[in-house]
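Colleague: Please take a close look at one part of this model for me. Then set it against the rest of the chain.

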Amino acid sequence: MDKVKFRLNNPRLAPRRTKLEIPGWAGKREPRADGSREQVWHCVPFSEGAQYGIELFYPYDFELHVTTKAGQLLLEADWGDPPEGGAEWPPFRKFGDAFYTYQILLDLKVEKGLAVRTEPHPRFYTDPTDAVPIAVPALIRNWWPMMFFCVFKAPAEGRTHIFRPNEPFAQIIVIPEEANFELEHMGEEEAAERELQARRIYHNRPKLAAGTEWTSSSDTVFDGTYRHLHRAAKDKARNEQGG
């Protein structure tokens with residue numbers, strides 16, 4: 001198992017593996033049953049993607065509101081006195097009119113061949129108010145000893161990004177340092193195998209979905225086909241490793 005080591009200047013950043021908050025940003029605890037409102041955690045690919053990284057939490061006791069008004073970027077907060085230690089204050093500042101930064105001072109050390117990448121926290125995709133900060137993707141290689149700042153996209157005109165105490169504001173994922181892959185067309189044999197696999201799933205969907213089909217309150221039909229296949233694939237991989 002790979003290790004990610006960290007050091008930080010503010011313990012309230014509280015890096016941890018990203019978790020789904022239910023109830024919370026990931027939705028309500030509603031069953032997969034007729035009449036329920038569909039929730040993002042009902043979707044296995046989203047749930048797995050959302051929990052793939054490391055979440056960071058806003059470490060201050062005051063709220064920060066970032067707004068764009070008449071084309072001007074405004075950062076509004078009751079900053080108070082600067083903390084001891086000599087860190088720049090305020091820790092947030094404009095980066096032109098289209099971006100702003102946070103002096104995060106976070107060190108994440110990954111093993112050789114790996115890197116860390118910043119991205120929006122998954123709650124960005126579930127928020128109906130457009131108030132969640134939008135962390136700009138950035139690749140930090142393992143030889144770089146400290147993330148000095150994190151960059152965010154400025155809100156659209158009339159919109160406000162809000163940072164609240166102890167609320168996650170960004171996610172970090174660990175990925176290979178180099179994207180060593182090429183795109184190429186599948187050969188005929190490989191393409192035929194994939195097509196056959198897709199057709200088998202399609203034709204067997206009624207059997208795979210048996211007992212799991214439900215219709216949400218918005219008349220959207222769901223079933224557990226992907227969940228069943230996902231569980232079977234994990235069991236197969238576990239048995240192969242054990243054998």
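Modeller: D219 sits in the loop between β15 (214-215) and β16 (221-222). Helices (H or I, at least four residues) and strands (E, at least two) are DSSP runs, numbered from the N terminus. This is a predicted model: local features need pLDDT of at least 70, side-chain atom pairs count only at pLDDT 80 or more, and totals for chains, interfaces and linings use all residues. Residues are numbered from 1 along each chain as its sequence is written, and side-chain values use heavy atoms, with hydrogens and water left out.

Start with the backbone at D219. Its phi is positive, about 65 degrees, although D219 is not a glycine. Most residues other than glycine have a negative phi. D219 is exposed, because its relative accessible area is 66%. Here exposed means over 50% relative accessible area, buried under 20%, and partly exposed in between (1.4 Å probe, protein chains only).

N166 lies in the loop between β13 (160-163) and β14 (168-176). At 48% relative accessibility, N166 counts as partly exposed, whereas D219 counts as exposed.

Charged neighbours in sequence deserve a look here. E167 and R164 meet through their side chains in a salt bridge (3.4 Å, N to O). A salt bridge is a side-chain nitrogen of Lys or Arg within 4 Å of a carboxyl oxygen of Asp or Glu. R164 is partly exposed, at 32% relative accessibility. Bridges with shared partners join E63, R123, R164 and E167 into one network.

Two peptide bonds also stand out. Most peptide bonds are trans. I22 and P23 are joined by a cis bond, with omega about 0 degrees. P23 has its place in the loop between β2 (16-17) and α1 (44-50). W89 and P90 are joined by a cis bond as well, with omega about -5 degrees. P90 belongs to the loop between β5 (72-76) and β6 (92-95). Both prolines are therefore loop residues under the DSSP assignment.

The structure holds 14 salt bridges. One of them pairs R7 with D107, at 2.7 Å from N to O. That pair links distant parts of the chain: R7 is in strand β1 (residues 5-8), D107 in strand β8 (residues 106-109), and 100 residues separate them. R7 is partly exposed at 47% relative accessibility, but D107 is buried at 12%.

Another bridge joins E55 and R16, whose closest N and O atoms are 2.6 Å apart. E55 lies in strand β3 (residues 54-57) and R16 in strand β2, so this pair ties together parts that are 39 residues apart in sequence. E55 is buried, with 0% relative accessibility. R16 is partly exposed, with 30%.

On to the surface. W143, W144, F148 and F149 form a nonpolar patch, with about 490 Å² of accessible area together. Patch residues have over 30% relative accessible area and no salt bridge; like charges are joined within 9 Å, nonpolar side chains (Val, Leu, Ile, Met, Phe, Trp, Tyr) within 5 Å. Areas come from the Shrake-Rupley method with a 1.4 Å probe, and for residues only the protein chains shown count as cover. W143 is found in the loop between β11 (138-141) and β12 (150-153). W143 is exposed, at 58% relative accessible area.

E190 belongs to helix α2 (residues 188-203). Its relative accessible area is 45%, so E190 is partly exposed.

Last, the whole chain. The protein chain has four helices and 16 strands. Its C-alpha trace spans about 65 × 45 × 35 Å along the principal axes. Of the 243 residues, 34% are buried. Among contacts (heavy atoms within 4.5 Å) with a separation of 6 or more, 69% are between residues 24 or more positions apart. The chain exposes about 15700 Å², with carbon and sulfur atoms supplying 53% of it. There are 32 positive and 36 negative side chains, and the centres of the two sets lie 4 Å apart. Lys and Arg count as positive, Asp and Glu as negative; His and the chain ends are not counted. Each charge is placed at NZ of Lys, CZ of Arg, CG of Asp or CD of Glu.
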